[in-house]
Amino acid sequence: MNNFSYRRVGALLLALLGTAAQAHDAWIEPATGGFTVVFGHEGKLEAALPSKVLKAQAVDGAGRALPLKLDGLQVAVDGKPSLLLLHYDNGFWSRTPEGSRSGPKNEVPGASSASHALKYGKTVQVWDAQASRVQGLPVEIVPQSAQAPVAGTQLPVQVLWDGQPLAGATLSWHEAGQDRDTKADAQGRALLPVAKGRQMFSVSARRPIAGDARADTLSVSSALVFEAR
């Protein structure tokens with residue numbers, strides 16, 4: 001893991017089923033000789049599992065897909081990527097009287113409810129036209145400026161789910177040990193303060209699932225990672 005200072009910005013959408021806890025995120029990070037998949041949240045990284053990586057993608061400055069090789073958690077890209085995209089399935093998690101357990105509701109004894117956790121990540125390597133274009137992640141934070149973020153300014157963003165604005169999402173960030181927040185408008189738009197260095201934004205959202213014995217809720221998070229001057 002690189003020795004970057006992280007500033008995590010999280011966006012939490014409250015669902016009818018209740019509030020979401022601090023989300024775990026998954027994204028692709030620069031590493032020696034290429035890139036690697038990482039998993040966790042502010043101040044606590046956990047072990048990512050190769051079996052949970054569904055897909056990794058690399059996009060160049062013209063929006064073209066670059067060839068890549070995924071070897072476990074290691075990602076090797078043929079060419080210079082502007083963006084790296086990740087699809088990660090963190091599986092089913094059931095709620096029991098003893099706490100949360102891994103596994104679908106219909107297989108975990110005593111489970112009262114369960115969620116299916118999907119993670120998406122977008123890492124900006126080069127801030128060009130691709131940074132402000134929708135990349136098609138199911139849940140995505142889309143910067144609204146084609147210019148690279150500069151410390152001391154604000155980054156306009158829009159949160160989308162299936163390409164549609166996530167209205168009224170609460171966006172929050174972790175700063176100097178404190179959680180701060182602001183609310184997006186009806187179009188899912190908000191302004192976020194930018195600090196110098198490596199930063200990570202994330203959005204978490206939940207929707208009910210009907211007719212699935214394995215889970216009652218789809219729990220999705222999506223991360224945006226970039227470097228600010």
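A salt bridge here is a side-chain nitrogen of Lys or Arg within 4 Å of a carboxyl oxygen of Asp or Glu. The model is predicted, so local features need pLDDT of at least 70 and side-chain atom pairs count only at pLDDT 80 or more, while totals for chains, interfaces and linings use all residues. Residues are numbered from 1 along each chain as its sequence is written, and side-chain values use heavy atoms, with hydrogens and water left out.

**Salt bridges**

By this rule the count comes to 6 salt bridges.

Strands (E, at least two residues) and helices (H or I, at least four) are DSSP runs, numbered from the N terminus. Arg198 and Glu29 are both buried; buried means under 20% relative accessible area, exposed over 50%, and partly exposed in between, with a 1.4 Å probe and protein chains only.

Arg207 sits in strand E17 and Asp162 in the loop between strand E12 (154-161) and strand E13 (164-165), so the pair ties together parts that are 45 residues apart in sequence. Arg207 is partly exposed, at 36% relative accessible area, whereas Asp162 is exposed, at 52%.

Arg64, in contrast, counts as exposed because its value is 54%.

**A buried serine and an exposed proline**

Ser219 is part of strand E18 (residues 217-228). With a relative accessibility of 15%, Ser219 is buried. Leaving aside residues up to four places away in sequence, Ser219 touches Ser115, His116, Ala117, Leu118, Ala205 and Arg206; contact means heavy atoms within 4.5 Å.

Now for Pro97: is this residue buried or exposed? Pro97 is exposed, because its relative accessible area is 71%. Its place is the loop between strand E8 (83-96) and strand E9 (99-102). The C-alpha atoms of Pro97 and Ala111 are separated by 7.7 Å, and these two residues are 14 residues apart along the chain.
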